[in-house]
Amino acid sequence: LHSCCAPCSGEVMEAMLASGIDYTIYFYNPNIHPLKEYMLRKEENMRFADKFGIPFIDKDDDYENDRKEWFAKAKGMEFEPERGIRCTMCFDMRFEKAAQYAHENGFPVFTSSLGISRWKDMKQINGCGHRAAEPYDDLVYWDFNWRKGGGSARMIEISKREHFYQQEYCGCAYSLRDSNAHRKSQGRIPIKLGVLYYG
């Protein structure tokens, strides 16, 4: 399970556990900026995984180099809108790494918690997931709709129950910039990292 954060993955993790699915969390998100935000999201996700004894793989050793690669790939797309081609690039980069790890470590299926967010385009995410799995004959991308059957509502319930950090932007520097510009236009203060919690 490629995970971006605890709030998005909480419902997915609990649903998979309830279904008896044996899985591992793969946390690879070089898009998350700044480092403080990256660590907050990762450590919270790790704590929730540890609560259920779920193996957690993170790629901190690659963060600095991969963060530079992410910015290089985003060059020329700095002012693309949310759900645009910059997001496709971002999903592709993360899913390609997740698919490679799954293939090299004997996982026949991979999926992601990204699609549960109402701010994301599920068709865009699933397209990136299937594309990432294509090079591997032994791997498939599971494009389950985690929003259905009350999944989105349970995601919020779990976030409140666990007092998860309530993220106010997607994660990347450009999303942070645009979110703060919108807040300023509404007379609101800029985002403060690590301050707000559900519940």
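## Order of elements

From the N terminus on, the protein chain runs α-β-α-β-α-α-β-α-β-α-α. That gives seven helices and four strands. The model is predicted.

Several elements return in the sections below. Helix H1 covers residues 6–18, and strand S1 covers 25–27. Helix H2 spans 35–52. Helix H3 (63–74) and helix H4 (85–104) come with a loop between them. Strand S3 takes in 109–110, and helix H5 takes in residues 122–133. Strand S4 is at 140–141. Helix H6 runs over 151–162, and helix H7 over 173–185.

## Overall dimensions

The radius of gyration of the protein chain is 16 Å. A compact globule of 199 residues would have a value near 16 Å, so the chain agrees with that expectation. Along the principal axes, the C-alpha atoms fill a box of roughly 50 × 40 × 30 Å.

Of the 199 residues, 47% count as buried. The accessible surface comes to about 10100 Å². Carbon and sulfur atoms hold 53% of that surface. Among contacts with a separation of 6 or more, 73% join residues 24 or more positions apart.

## Helix H1 and Ala6

H1 has 13 residues. Its first and last C-alpha atoms are 17 Å apart, close to the 18 Å expected at 1.5 Å a residue. The buried residues of H1 are Ala6, Pro7, Cys8, Ser9, Gly10, Glu11, Val12, Met13 and Met16. They pack against S1, H2 and H6. After H1 comes Gly20, with a positive phi near 75 degrees.

Ala6 belongs to H1. Its relative accessibility is 0%, so Ala6 counts as buried. Which residues touch Ala6, leaving aside its neighbours within four places in sequence? They are Arg41, Glu44, Asn45 and Phe164. Ala6 and Met155 are 149 residues apart along the chain, yet their C-alpha atoms are separated by 9.6 Å.

## Glu37 in helix H2

Glu37 sits in H2. Is Glu37 buried or exposed? Buried: its relative accessible area is 0%, and the cut-off for that class is under 20%.

Residues up to four places away in sequence are set aside for its contacts. Glu37 then touches Ile32, Tyr165, Gln167, Tyr169 and Leu193.

## Helix H5

H5 has 12 residues. At 1.5 Å a residue they should span 16 Å. The end C-alpha atoms are 17 Å apart, which agrees.

The buried residues of H5 are Met122, Gln124, Ile125, Asn126, Cys128, Gly129, Ala132 and Ala133. Their packing partners are H4, S3 and S4.

## Backbone exceptions

Most residues other than glycine have a negative phi, and most peptide bonds are trans. The cases below depart from that pattern.

The peptide bond from His33 to Pro34 is cis, with omega near 0 degrees. Pro34 lies in the loop between S1 and H2.

Arg83 is not a glycine, but its phi is positive, near 75 degrees. Arg83 is found in the loop between H3 and H4. With a relative accessible area of 41%, Arg83 is partly exposed. His163 also has a positive phi, about 55 degrees, although it is not a glycine. His163 lies in the loop between H6 and H7. Its relative accessible area is 46%, so His163 is partly exposed.

## Nonpolar surface patch

Which residues make the nonpolar surface patch? Ile21, Val109, Val140, Trp142 and Phe144 do, over about 400 Å².

Phe144 has its place in the loop between S4 and H6.

Methods:
Residues numbered from 1 in each chain as written. Predicted model: local features only at pLDDT ≥ 70, side-chain atom pairs only at ≥ 80, totals over all residues. Heavy atoms only, no water. Helix = DSSP H or I, 4+ residues; strand = E, 2+ residues; numbered from the N terminus. Expected span 1.5 Å × (residues − 1). Buried < 20%, exposed > 50% of the residue type's maximum accessible area, 1.4 Å probe, protein only. Contact = heavy atoms within 4.5 Å. Patch = residues over 30% accessible without salt bridge, like charges linked within 9 Å, V, L, I, M, F, W, Y side chains within 5 Å. Areas by Shrake-Rupley, 256 points an atom, 1.4 Å probe, with all protein chains shown as cover. Salt bridge = Lys/Arg side-chain N within 4 Å of Asp/Glu carboxyl O. Rg over C-alpha atoms; globule rule 2.2 N^0.38 Å.
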